[in-house]
Amino acid sequence: KYPGYVYAIFQSSNIAGLQGDDTEKIIALETIADDFPKSKFADAALYELGVTYQSINKLKLAHETLERLVQTYPNSAIKNEALIQLGLVSYNQGNTETAINYYKQVFSNQPKAEEVRVAQEALQEIYIEDLGRPDDYFAFLETVPGFKLDNSVRDSISFAAAEAQYNTGKYDRAIEQYSRYILDFPKGGYALEALHRRADSYLFL
């Protein structure tokens, strides 16, 4: 093949994507990934392929493709981006624990500041809003070197976890979270509101 051949294929995939031709884009990216695995574009091709599958709601293929990137190119500069996408794909598949695992891996792979921010926000959403497990979220953050949560942040996040359960009608879990908040933060910024919300939750049961 002539010099720049793989790059030309990669560029053709970008053009196809801009034209809304997902089929041609996928064919071009698969060609790079399958036929030129040692190319410097191979990991990027897998990433773009995974994201494209995700965009057309082929989540199983997206997951398999991004996982292939992570396993085949463990030193790739875009590994953390792939892990973040794997977290999102897993979340959209309803696999929250798997999503959590992918997001956590970002922190142990020399992440950039933006990658840390995205992974942390995703973990906070899952632990606080979806699962109502702020203590697990805090416990993980305490394992991250150089990361500290002051008491006021713990206070507000713990209350937010209870609120998330209340606002989605999960009143039994809300009662549990408000009770935990009142116990952990008896003089917290939301202590009075937590008492009222817990009383309301009992009425809704």
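**The largest cavity and its lining**

Modeller: Happy to! The largest cavity is lined by Pro 134, Asp 135, Ser 158, Gln 177, Arg 180, Tyr 181, Asp 184 and Phe 185. Please keep in mind that this is a predicted model, where local features need pLDDT of at least 70 and side-chain atom pairs count only at pLDDT 80 or more, while totals for chains, interfaces and linings use all residues. Residues are numbered from 1 along each chain as its sequence is written, and side-chain values use heavy atoms, with hydrogens and water left out.

A cavity here is a set of points, on a 1 Å grid over the protein atoms alone, where a 1.4 Å probe fits but cannot get out, and lining residues have an atom within 4 Å of a point. Grid points are joined across faces, edges and corners, and the volume is the space filled by probe spheres set on the points. The count comes to 1 cavity of 30 Å³ or more, and the volume of the largest is about 30 Å³.

Which helices supply the lining? At least two residues each come from α8 (134-141) and α10 (171-184), helices being DSSP runs of H or I with at least four residues, numbered from the N terminus. The biggest share, 4 residues, belongs to α10.

By type, the lining has 3 nonpolar, 2 polar and 3 charged residues. In this scheme Ala, Val, Leu, Ile, Met, Phe, Trp, Tyr, Cys and Pro are nonpolar, Asp, Glu, Lys and Arg are charged, and the others, Gly among them, are polar.

Terms used: On a 1 Å grid over the protein atoms alone, a cavity is a set of points where a 1.4 Å probe fits but cannot get out, and a pocket is an open set with protein on both sides within 12 Å along at least five of seven lines; lining residues have an atom within 4 Å of a point.
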